[in-house]
Amino acid sequence: MIPAFDDLPEIGTIGIKHSWGVLPVSLGTLAFLSPAATLEASHAVRTGETISLNVPFDDFAPPLFGRPSLGHLVTETGKNTFEDTLNDFNPQSASQWDGLTHIRAREFGFYGGITDGDEARTTLGMHHWAQHGIVGRGLLVDVVRYRAAQNIAWDPFVEDAVEASEIADIIAWQGQHLQPGDILCVRTGWMGEYRRRASTDGDVSRVGDQFAGIASTEAMARFLWDNKVAAVASDNPAVESAPGDPRNGSLHRRLIPGLGFALAELLDLDALADRCFELNAYNFLFSAAPLPLTGGASSTANALAIL
């Protein structure tokens, strides 16, 4: 029995609810992707089309937050053989998963209350998600189209927090409903705007300073947990808006070390949104294969939508 959010205990004195001991510690909310949920998700396949949700590494020049640019060397190793060598490979420099060792809850530790770094990497590392896989029903939340239809101003490069109530309104407006194990894909339009600015010689040097995203409030954490959302993915740099209201705290801290959520960032959701609009169907089969990186804190997204 999964307790309601309001029945969960708090971590120490930092006022954040936690689900330690409720879910398998190495999987966190990916445990909501049961075989039954994945089987049900297969029914969302209608046309058999596949849409990649991954942004090429070289789209970010330079990558955000001071991360290194990927060095890619193709070498001729024989008369008819070529191989790749990668240098300065940071899985978070493009479309990415934040793992359970990406963020800790201060001195109280990582998810499950693990305070030792080596133990955390062994118990919570990305290799566990790689073994399990991330396959379930994706549900697009198209903030861009909804705001336009409601004549509400929206600029993904300006801090603007989408509250839990608005996410519920958007899902209903799209004629959908949440199911346990859903993977929410929140389209803010940030990725498309970044590409537009980069292609027109716009200044993208400070794009990580502020951006729109979902709210970092306790109400958001409650909404996601009580609906048994398996993962939250977005096309912006951090899922939540930034720089954020200090009074609300960090959604990353609420969701990752507190509740064990899987978060994906910098996904390419524009083509998916266009096709979902054409089909008037906003759910699909979502599939991702995290890197089998033992002890890893992150992974490339490796995500697909199958319509």
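Visitor: Before we start, which pLDDT do local features need here?

Guide: This is a predicted model, where side-chain atom pairs count only at pLDDT 80 or more, totals for chains, interfaces and linings use all residues, and local features need pLDDT of at least 70. Residues are numbered from 1 along each chain as its sequence is written, and side-chain values use heavy atoms, with hydrogens and water left out.

Visitor: Let's begin with the sheet: in what order do its strands come?

Guide: Strands here are DSSP runs of E with at least two residues, helices are runs of H or I with at least four, and both are numbered from the N terminus. Two strands pair if DSSP finds at least two bridges between them. The sheet is open, its pairing is mixed, and its 9 strands follow the order E1-E13-E11-E5-E7-E9-E10-E4-E12.

Visitor: Why is one side of E1 and of E12 left without a neighbour in the sheet?

Guide: E1 (50–52) and E12 (298–300) stand at the edges, so each has a single partner strand. For E1 that link is made by 3 bridges to E13 (residues 303–306), running antiparallel. Ser52 stands opposite Leu304 in E13.

Visitor: At what angle does helix H9 run to E5?

Guide: Axes are lines fitted to C-alpha atoms, for helices over the stretch in contact, and angles run from 0 to 180 degrees between N-to-C directions. H5 (164–173) lies across E5 (134–142) and E7, at about 95° to E5. H9 (residues 270–279) lies across E1, E5, E7, E11 (283–288) and E13, and its angle to E5 is about 75°.

Visitor: Which residues of H7 are buried?

Guide: Buried means under 20% relative accessible area, exposed means over 50%, and partly exposed lies in between (1.4 Å probe, protein chains only). The buried residues of H7 pack against several elements, including E7 (183–187), E9 (231–234) and H8 (251–258). In H7 (residues 218–226), the buried ones are Met220, Ala221, Phe223, Leu224 and Trp225.

Visitor: Are H5 and H7 parallel or oblique to each other?

Guide: Their axes come within 8 Å and cross at roughly 40°. The touching residues are Ala164, Ile167 and Ala168 of H5 with Ala219, Met220 and Phe223 of H7, where contact means heavy atoms within 4.5 Å. Angles under 35 degrees count as roughly parallel, over 145 as roughly antiparallel, 65 to 115 as roughly perpendicular and the rest as oblique. H5 and H7 are therefore oblique.

Visitor: What does Leu272 touch, leaving out residues up to four places away in sequence?

Guide: Leu272 is among the residues with the most contacts inside the largest core. Not counting residues up to four places away in sequence, Leu272 touches Ile51, Leu53, Leu140, Phe284, Ala305 and Leu307.

Visitor: How far is the sulfur of Cys185 from the nearest cysteine sulfur?

Guide: A disulfide needs a pair of cysteine sulfur atoms within 2.5 Å, and the structure holds 0 of them. Cys185 has its nearest cysteine sulfur in Cys276. Cys185 is buried at 0% relative accessible area, and Cys276 is buried at 0% too.

Visitor: Is Ala230 buried or exposed?

Guide: Ala230 is in the loop between H7 and E9. Among the residues Ala230 touches are Thr29, Leu30, Gly181 and Ala262, with residues up to four places away in sequence not counted. At 0% relative accessibility, Ala230 counts as buried.

Visitor: And what is the relative accessible area of Leu86?

Guide: Leu86 is in strand E3 (residues 81–87). Leu86 touches Leu70, Gly71 and His72, not counting residues up to four places away in sequence. Leu86 is partly exposed, and its relative accessible area is 45%.

Methods:
A nonpolar core is a set of buried Ala, Val, Leu, Ile, Met, Phe, Trp, Tyr and Cys residues joined through side-chain atoms within 4.5 Å.
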